[in-house]
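Here is a short briefing for a first look. Take in the sequence and the fold, then read the points below.

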Amino acid sequence: MPSSDHEIMRELDDTPYEGAELIAYAIMRLAIATDRLATQVKYLGNGDAATPMGAIEAFGLHIGEKLDAMTDALREDELK
């Protein structure tokens, strides 16, 4: 008897399906894949972090700060 979701899915993957069972299995696999995708998309958001920004927003802010520092350095160099 399988003891984990992963083992259950492996057992289901090894089972031959026909007709309506095959359609039900395909729908189940699509539902699982959609759930996994939703979890990963959530992590691109804030992922329940203690910050209102998501990963992409935080990365964009970081890049913006570095670009600002670089342009400031170039301006200082031009003034010399």
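Helices (H or I, at least four residues) and strands (E, at least two) are DSSP runs, numbered from the N terminus. This is a predicted model, where local features need pLDDT of at least 70, side-chain atom pairs count only at pLDDT 80 or more, and totals for chains, interfaces and linings use all residues. Residues are numbered from 1 along each chain as its sequence is written, and side-chain values use heavy atoms, with hydrogens and water left out.

**Salt bridge**
- Arg75 and Asp72 both sit in helix H3 (residues 55-79). They are three residues apart, about one turn of the helix.
- Their side chains meet in a salt bridge at 3.7 Å, N to O. The term means a side-chain nitrogen of Lys or Arg within 4 Å of a carboxyl oxygen of Asp or Glu.
- By this rule the count is one salt bridge.
- Arg75 is exposed, at 52% relative accessible area. Asp72 is partly exposed, at 39%.
- Buried means under 20% relative accessible area, exposed over 50%, and partly exposed in between (1.4 Å probe, protein chains only).

**Aromatic pair**
- A search of the whole structure finds one aromatic pair.
- Tyr17 and Tyr25 form this pair, which is stacked: 4.7 Å centre to centre, with 20° between the planes.
- Rings of Phe, Tyr and Trp (its six-membered ring) pair if their centres lie within 6.5 Å; planes under 30 degrees apart count as stacked, over 60 as edge-to-face and the rest as tilted.
- Tyr25 is buried, at 16% relative accessible area.

**Position of Phe59**
- Phe59 lies in helix H3. Phe59 is exposed, with a relative accessible area of 56%.
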